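The following exercises are to be worked with the sequence and the structure at hand. Each task is followed by a solution in steps.

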Amino acid sequence: MKILIVASEAYPFAKSGGLGDVIGSLPVALKGKDIDVRVVIPKYSAIPEHYRNETEKLKNISVKVGWRNQYCGIEKLEYKGVNFYLVDNEYYFYRDSLYGHFDEAERYAFFSRAVLELLPAIGFKPNVIHCHDWHTGMVSVLLDAQYKENKFYRNIKTVYTIHNLKYQGLFSKEILGNLLGLSENYYAEDKLKFYDVISFMKGGIVYSNAVTTVSKTYSEEIQTPYFGEHLDGLIKEKRKDLYGILNGIDEDKYNPRTDGYIVKYNARDIKTKLRNKTMLQEELGLQVNRDMPLIAIISRLVPQKGLDLILCILDEIMNLGVQLVVLGTGERKYEDFFREAEKSYKGKISSNIMFNDELAHKIYASSDMFLMPSLFEPCGLGQMIALRYGSLPIVRETGGLKDTISSYNEFTGKGNGFSFIDYNAHDMLFTIKRAVRLYKTKKEWNRIVQNAMRCDNSWRSSAGEYINLYDNLMQAKWCRR
Ligand code: GLC
């Protein structure tokens, strides 16, 4: 089985969020199951220099963007046994940030065609091309429109994974001809038209043989108007080819028994976890007190993450006698709020408005609770990492949070965290209160921590689900589209 994974980012080369983590770890898991898997991403200037210098330059080809021909270098790098191909064009990808530029349509139209063009150049014909999120939505559109008659591309099947339906890649319809070489016919309801623009996300959904998203619950939610981002009708129509496959986490990177950033511990050794806690309290200027519940938030600071609930009732949360550590960057409104909160609650709140991997590991290891009250959450990785470090997640029951966290049941002793249903600040407060109350009953709390640390959030079963899906597509004699 030959699989090509295509995405706009991959850890450890370039990462802006969970997508990067997934593209860094899923291929490794597939490789572990004996799949010939390769990955293509753009060669950004943000890729650490030592990786950029290590690449093997394979070939230069030229790639059409509308009527123009653009240079495309193909470079290769091996990471954990997987071949990553980097698409090189300094004009498109040597910028001061990964995303948010004036010519996003052009950058990813170029990238999508480059992916298809580089396959014969490297002599790799995949059975399945597996694309991720809007940046790569046009790969299956172009394959269907312009390549499938060519013998080399015949029978290649496509899978498209939605990591976040909210970001869709919407552009004016002129790009059809100018950037993609597609006729005006593609500006139609059953093709790429989305209101009065073109949607890359819709292209991926309509033209791929199968669509997946990163949890079962999110795959159901996006068929409803509340979560559907105006694509719920289309997704519902496609539901026979829609699958929810939960992400896994990199269990080597996030392992309290081997983590080099912390004092190592395991599920039977919670005392050492407390050493991490007091060390972090000291490092961050919090009151050193092992008995005070330490709540962590590690997140992109955007509305999706449910931060507005915290803004509403921060004082009430702090009145419960807890400490709060925040790590992340994002919208100004939230960054400013947490900076101010640190000043008002000296020694009790630590706001770290930054991206810092080492500090993230320390916070997972030191915290008692991990707060993630998301408005919506396709999968969520933070809560899975928190489980592994015995920091008990407090979540809202949506998307992947619902699928990975079961609220503790005092009667059965089962559960790995705490959850609430409605997007409501006082429901959240009530749930935090419950966690704080249980925290004081050391023995019971430790039992929940053990439950959490024993959860399996690896890629093992999900990689198997992807392989089954690839297999089914390869067996299918015809494309459903
Ligand atoms: C996006 C989603 C997040 C998911 C991640 C990886 O960032 O918002 O829920 O975990 O993609 O799939």
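**Exercise 1.** In which strand does Ser419 lie? Determine also whether Ser419 is buried or exposed, and list its contacts.

*Solution.* The model is a predicted one.

Step 1. Ser419 belongs to strand E18, which spans residues 418-420.

Step 2. The relative accessibility of Ser419 is 14%. Buried means under 20%, and therefore Ser419 counts as buried.

Step 3. Setting aside residues up to four places away in sequence, Ser419 touches Val395, Glu397, Ser407 and Thr431. With Glu397 there is a polar contact between the side chains, at 2.8 Å.

**Exercise 2.** Describe the sheet that contains E18: what is the order of its strands, and is the pairing parallel or antiparallel?

*Solution.* 

Step 1. The sheet is open and has six strands, ordered E15-E14-E13-E16-E17-E18, with parallel pairing.

Step 2. On average, neighbouring strands are turned by 15° against each other, direction ignored.

Step 3. Within the sheet, strand E13 (residues 294-298) runs parallel to strand E14 (residues 323-327), and five bridges join the two. Ile298 has Leu327 of E14 as its bridge partner.

Step 4. Helix H14 (residues 357-366) packs on the sheet and touches E13, E14, E15 and strand E16 (369-372). The direction of H14 makes about 145° with that of E13.

**Exercise 3.** At what angle do helices H12 and H13 pack, and how far apart are their axes?

*Solution.* 

Step 1. H12 (residues 307-318) and H13 (residues 332-344) pack at about 35°, and their axes are 11 Å apart. Their crossing is left-handed.

Step 2. H12 contributes Leu307, Asp308, Ile310, Leu311 and Leu314 to the contact, while H13 contributes Lys333, Tyr334, Phe337, Phe338 and Ala341.

Step 3. Sorted by type, the residues of this contact comprise eight nonpolar, two charged and no polar.

**Exercise 4.** Where does His135 lie, and which residues is His135 in contact with beyond its neighbours within four places in sequence?

*Solution.* 

Step 1. The loop between strand E6 (128-132) and helix H5 (138-147) holds His135.

Step 2. His135 counts as buried because its relative accessibility is 6%.

Step 3. Beyond the neighbours within four places, His135 is in contact with Ser8, Tyr99, Tyr108 and Ser112. A side-chain polar contact of 3.2 Å joins His135 to Ser8, and another, of 3.4 Å, joins His135 to Trp134.

Note on methods. Residues numbered from 1 in each chain as written. Predicted model: local features only at pLDDT ≥ 70, side-chain atom pairs only at ≥ 80, totals over all residues. Heavy atoms only, no water. Helix = DSSP H or I, 4+ residues; strand = E, 2+ residues; numbered from the N terminus. Buried < 20%, exposed > 50% of the residue type's maximum accessible area, 1.4 Å probe, protein only. Polar contact = N/O pair within 3.5 Å; in protein donor to acceptor, adjacent residues only side chain to side chain. Contact = heavy atoms within 4.5 Å. Axes fitted to C-alpha atoms, helices over the stretch in contact; angles between N-to-C directions. Left-handed = near helix turned anticlockwise from the far one by under 90°. Nonpolar A, V, L, I, M, F, W, Y, C, P; charged D, E, K, R; others polar. Pairing = 2+ DSSP bridges.
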